[in-house]
Amino acid sequence: MNFSRLLKTTSALTSRWLCSGRFQSTSAAAQKLVDVSVDSKTGVSIVSLNRKPVNSLSLELFKEFCGVMDDLESEKVRGMILKSSCDNVFSSGLDITELYPHPDEDRFHAFWLWFQETWIKLYGSSFPTVAFINGHAPAGGCVLAISCEYRIMLPYYKIGLNEAPVGIVAPDWVVNSLKSVLASRKAEQLLTSGRLLDTQEAFDIGLIDKIVNNEEEALARSEEFFSTFDNVPKLARALTKQQVRKNEISKLIKNRSNDAKLFLNHILRPETQKIIGSYFKSLKDRKK
Ligand SMILES: CCCCCC/C=C\CC(=O)SCCNC(=O)CCNC(=O)[C@H](O)C(C)(C)COP(=O)(O)OP(=O)(O)OC[C@H]1O[C@@H](n2cnc3c(N)ncnc32)[C@H](O)[C@@H]1OP(=O)(O)O
């Protein structure tokens, strides 16, 4: 099966959840959670996550992001830069209120399927992708960044997969995306310790590709990355990227519902709820 057909393949059960109109934004005037603009000099699309204050990743944000990715695919854009419009935070990861206290099972199932869909579309996109990490990127924020092809980060922020200390276990598609960036041993150390790295440490181990001081430099470094493909036929580039990433994506596509069920079972365990609850409380108490 070719890759674009594979990307469209979802089980009947999964399609039912993804296509269902449930969990729509209630207000037509609701603020956009994902903004798109085009850099007029380079023709590259800039996608900004815009869920204030910290871009925590909710079901609605995932849905909107997937719609944007579909548009960019059909417009056959030259490239995409993913960044944040929140001050100091690229994304604070999954919205903890989707996980705690004791989430509604239907909503959680849909939430998880849209998280998977986001990863499938971003990791498997045909066009080149850069994450401009213009703020902290813990947990799910880091997952978005490692799903892109190239990572550029501002100094003095933190990035990493701190799920284990929060009581959350990484699914294999997240582990494998990390292993596509870092050697297995480094990936394991990062995951099991849950340590967040500062920008320099992240650069030193190869988790990010460039450190920049401002957005202007980020755009210039992104352009250098995109222009490495200027003499490569678009289709050949896209199919080659997807060939490299195909195994992880097809494994998840075959296992989506089960992956959601496993995660839900884990999240609903009283011990997990307890750990997430005290973690969330400590986040709130920090500011008191
Ligand atoms: C191992 C891989 C597993 C993969 C599968 C699962 C994937 C991911 C799991 C997750 O993503 S779980 C989420 C984990 N996220 C975090 O641990 C980050 C938590 N947040 C922070 O550390 C900080 O907020 C920040 C991002 C460093 C920003 O700090 P800042 O001081 O700028 O802002 P705060 O005052 O802390 O936050 C403002 C406001 O937002 C609330 N909030 C922060 N993060 C989240 C979140 N992820 N979900 C929901 N709400 C969040 C925070 O409590 C504050 O609320 P108020 O106090 O204003 O009510």
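Predicted model: local features only at pLDDT ≥ 70, side-chain atom pairs only at ≥ 80, totals over all residues.
1. Helix 11 covers residues 256-268, so 13 residues in all, and its first and last C-alpha atoms are 18 Å apart, close to the 18 Å expected at 1.5 Å a residue.

2. Which residues of helix 11 are buried? They are Arg-256, Ala-260, Phe-263 and Ile-267. These four sit on the same side of helix 11, because they cover an arc of only 70° around the axis. Turn to the other side of helix 11 and you'll find Asn-258 and Asn-265, which are exposed.

3. Now have a look at strand 6, residues 150-153. Both of its faces are covered. Tyr-150 and Ile-152 are buried on one side, while Arg-151 and Met-153 are buried on the other. As a reminder, in a regular strand the side chains alternate between the two faces of the sheet.

4. What does strand 6 pair with? One partner is strand 4 (residues 129-133), in the parallel sense and over 4 bridges. Within that pairing, Phe-132 has Ile-152 as its bridge partner. Strand 9 (residues 210-211) also runs parallel to strand 6, joined to it by 2 bridges. There, Met-153 stands opposite Ile-211.

5. Last stop, the ligand. It is surrounded by 28 residues, and the closest are Gly-93, Ala-139, Gly-140, Glu-163 and Ala-170. Helix 5 (140-147) and helix 12 (270-285) are the elements that give two or more residues to this shell. Sorted by class, the shell has 16 nonpolar residues, 8 polar ones and 4 charged ones.

Definitions and conventions
Residues numbered from 1 in each chain as written. Near = placed C-beta within 6 Å. Nonpolar A, V, L, I, M, F, W, Y, C, P; charged D, E, K, R; others polar. Buried ≥ 20, exposed ≤ 12 C-beta atoms within 10 Å, placed from the backbone. Arc of directions from axis to C-beta. Pairing = 2+ DSSP bridges.
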